Amino acid sequence: MPVNRSRRTVLGTSTAALALAASALILTAPNASAEPVDFGKGGGTDQQGGGDKQGIYAAARINYSGAVTKDGSTGNVTSSDVNWTPPPCWYAPYLGAKDFKKEMSKHIEGQLNTPGMTGTAGAAIGETKRHYEDEFGWTGAPGYKDYNVENDGKGMFWAGVENPNEPDYLKRSSCTDLPFWVENGDAPPPRYEEAITPEILAALAYQHMELPDTEVTLAPETNTKVNLPTWAWLDKAVFDEVQATAALNVPGFNIQATTTAKPVSLKLEPGTEDAETYPASGECTINADDSIGEPYAKGKANETPPCGVKYLRSSGNGTYKLQATITWEITWTGTGGAGDDLPNGTFGNDQDITVQEIQAVNR
């Protein structure tokens with residue numbers, strides 16, 4: 001029967017050991033690293049429930065589609081908000097009751113039979129076993145009888161999932177609560193703030209988003225002259241919005257979110273202090289037709305471009321690296337009509353520019 005005390009009070013000195021035991025059961029990377037696919041094809045890589053020396057892991061999968069990386073790595077978008085980060089871990093559907101019993105009981109017995117598993121750590125593992133077999137619980141976390149197998153098919157056990165792209169191990173492994181039961185169609189208990197939601201999926205889609213390499217059109221293209229304005233522009237056809245979708249579909253629980261990146265401005269950085277940008281800020285805003293800048297046309301050589309750069313000194317025997325960085329306005333929409341803004345993202349390319357002196361002829 002559940003005890004009317006908090007888990008920390010019930011466990012006393014074994015709290016740290018149980019936390020350690022729980023962390024050993026955290027779902028490992030296979031659930032989080034569904035293989036993204038080529039743009040627009042949908043799908044992902046299946047994950048099978050199971051276990052190994054590192055712990056048990058999920059049968060649930062996150063499918064990525066759209067403009068995402070192909071190998072599950074972090075994409076090329078840099079958030080303009082230095083304080084914003086994707087979720088380091090979350091709780092997600094794991095297994096039905098019968099499959100959970102098979103995996104969890106095997107893992108618990110393996111832990112109990114580990115040489116040296118005595119004292120506080122052994123007691124913590126024993127309490128975990130009682131939690132799932134003998135209805136031992138605490139406030140907010142009721143125990144289960146025989147791993148809740150009588151309700152198999154009516155819900156799933158949820159457990160912690162690490163984000164394999166989170167570099168901080170402590171953050172990545174911080175979702176250490178023991179797996180918990182959620183009925184089909186129900187939301188996870190509110191105390192699990194990191195339970196997966198469309199908003200979390202949107203953040204993961206953002207993390208995996210791959211923006212296109214957009215090379216700014218220049219005139220002159222790669223070789224220019226000192227004090228000669230270089231025009232820069234991006235046509236609408238190569239400067240359009242990009243979308244990435246993350247979805248989680250398991251029995252009784254189906255959610256998705258689509259993150260959309262829309263280009264809004266272009267910033268030019270000449271690669272040297274001996275240069276002037278147009279406009280002076282170097283920030284070229286988007287036009288009414290969703291293009292940026294203005295294409296160079298014959299007869300405009302002495303005009304000031306709406307977007308461009310003028311070099312004041314030769315690059316000598318080398319080149320200057322003109323960096324063109326696009327700012328993308330990022331939003332998301334998801335299951336149930338949810339949606340909001342995410343921090344703007346940036347992505348830039350370098351282009352080599354040779355700047356030559358204008359040769360004068362003496363007579």
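Modeller: Let us begin with burial: a residue is buried under 20% relative accessible area, exposed over 50%, and partly exposed in between, using a 1.4 Å probe and protein chains only. Cysteine 307 has 1% relative accessibility, so cysteine 307 counts as buried, and cysteine 284, at 3%, counts as buried too. This is a predicted model, in which local features need pLDDT of at least 70 and side-chain atom pairs count only at pLDDT 80 or more, while totals for chains, interfaces and linings use all residues. Residues are numbered from 1 along each chain as its sequence is written, and side-chain values use heavy atoms, leaving out hydrogens and water.

Biologist: How many disulfides does a search of the whole structure find?

Modeller: A disulfide is a pair of cysteine sulfur atoms within 2.5 Å, and the search finds 2. One joins cysteine 89 to cysteine 175, with an S to S distance of 2.0 Å, and the torsion about that S-S bond is about 75°, so this disulfide is right-handed. In the other, the sulfur atoms of cysteine 284 and cysteine 307 are 2.1 Å apart.

Biologist: In which sense do strands E17 and E18 pair?

Modeller: Strands (E, at least two residues) and helices (H or I, at least four) are DSSP runs numbered from the N terminus, and two strands pair if DSSP finds at least two bridges between them. Strand E17 (residues 320–334) pairs with E18 in the antiparallel sense over 13 bridges, and alanine 324 has asparagine 349 in E18 as its bridge partner. Strand E9 (residues 223–225), by contrast, runs parallel to E18, joined by 3 bridges.
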